[in-house]
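Hello,

Here is the structure I promised to pass on to you. Please open it alongside this email, and then read on for what turned up.

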Amino acid sequence: MNKVMIGIILGAILGALDGMTAWFTPAVRAGIVGIVFGSTFKGIIAGILIGVFARKVHSLALGIAFGLGVGLVLAFIIAQLQHGYYLQIMLPGAMVGLIVGYATQKYGRAPELQNAASAR
């Protein structure tokens with residue numbers, strides 16, 4: 001599977017799990033469905049960005065660092081909108097980015113290039 005598709009699928013799955021961790025914060029349990037959908041969408045966006053980065057840069061360390069950065073930035077934006085719960089939002093978001101960054105670099109397939117002879 002290519003790197004972007006792995007990023008999208010894994011980002012969606014881990015994003016949904018990230019959203020489900022909100023259950024452990026009793027003050028937000030009433031909005032758990034919206035949180036799960038929002039976290040899933042955030043995971044998809046992170047997966048796309050990380051997958052595109054993984055296509056361009058073929059370094060496991062840089063892929064992990066970029067994934068961690070994307071996860072932290074997206075989670076920080078959400079935490080700013082909520083005016084709180086920074087640790088509860090940013091820690092799982094950072095882990096999603098870190099895992100997606102690792103998986104896209106480690107298991108993603110680079111796009112196949114066509115040479116001029118096979119294109120005819």
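Lys42, Gly47, Ile50, Gly51 and Ala54 are the residues of H2 that meet H4 in this predicted model. On the H4 side, the partners are Gly93, Gly97, Val100, Gly101, Thr104 and Gln105. By type, the residues of this contact split into three nonpolar, seven polar and one charged. To find the two helices, look at residues 32–56 for H2 and residues 86–107 for H4. Their axes are 9 Å apart and the helices pack at an angle of about 35°. The crossing of H2 and H4 is right-handed.

Next, have a look at helix H1, which covers residues 3–20. This helix has 18 residues, and from its first C-alpha to its last it reaches 25 Å, close to the 26 Å expected at 1.5 Å a residue. At the start of H1, a side-chain oxygen of Asn2 comes to within 3.1 Å of the backbone nitrogen of Val4.

Which residues of H1 are buried? They are Lys3, Val4, Ile6, Gly7, Gly11, Leu14, Gly15, Ala16, Asp18 and Gly19. H2 and H4 are among what covers them.

One of these buried residues, Asp18, is worth a click of its own. Asp18 has a relative accessibility of 8%, so it counts as buried, the cut-off being under 20%. Leaving aside residues up to four places away in sequence, Asp18 touches Ser39, Lys42, Pro92, Gly93 and Val96.

Finally, please turn to the loop between helix H3 (60–82) and H4, where His83 has its place. Most residues other than glycine have a negative phi. His83 is not a glycine, yet its phi is positive, at about 60°. Tyr85 lies in the loop between H3 and H4 too. Its phi is near 55°, again a positive value in a residue other than glycine.

Tyr85, at 35% relative accessibility, counts as partly exposed.

Happy browsing, and do write back with any questions.

Best wishes

Note on methods:
Residues are numbered from 1 along each chain as its sequence is written. This is a predicted model: local features need pLDDT of at least 70, side-chain atom pairs count only at pLDDT 80 or more; totals for chains, interfaces and linings use all residues. Side-chain values use heavy atoms; hydrogens and water are left out. Axes are lines fitted to C-alpha atoms, for helices over the stretch in contact, and angles run from 0 to 180 degrees between N-to-C directions. Helices (H or I, at least four residues) and strands (E, at least two) are DSSP runs, numbered from the N terminus. A crossing is left-handed if the near helix is turned anticlockwise from the far one by less than a right angle, and right-handed if clockwise. Contact means heavy atoms within 4.5 Å. Ala, Val, Leu, Ile, Met, Phe, Trp, Tyr, Cys and Pro count as nonpolar, Asp, Glu, Lys and Arg as charged, and the others, Gly among them, as polar. Buried means under 20% relative accessible area, exposed over 50%, partly exposed in between (1.4 Å probe, protein chains only). The expected span of a helix is 1.5 Å times one less than its number of residues. A polar contact is a pair of N or O atoms within 3.5 Å; within protein, one must be able to donate a hydrogen and the other to accept it, and residues adjacent in sequence count only if both atoms are side-chain atoms.
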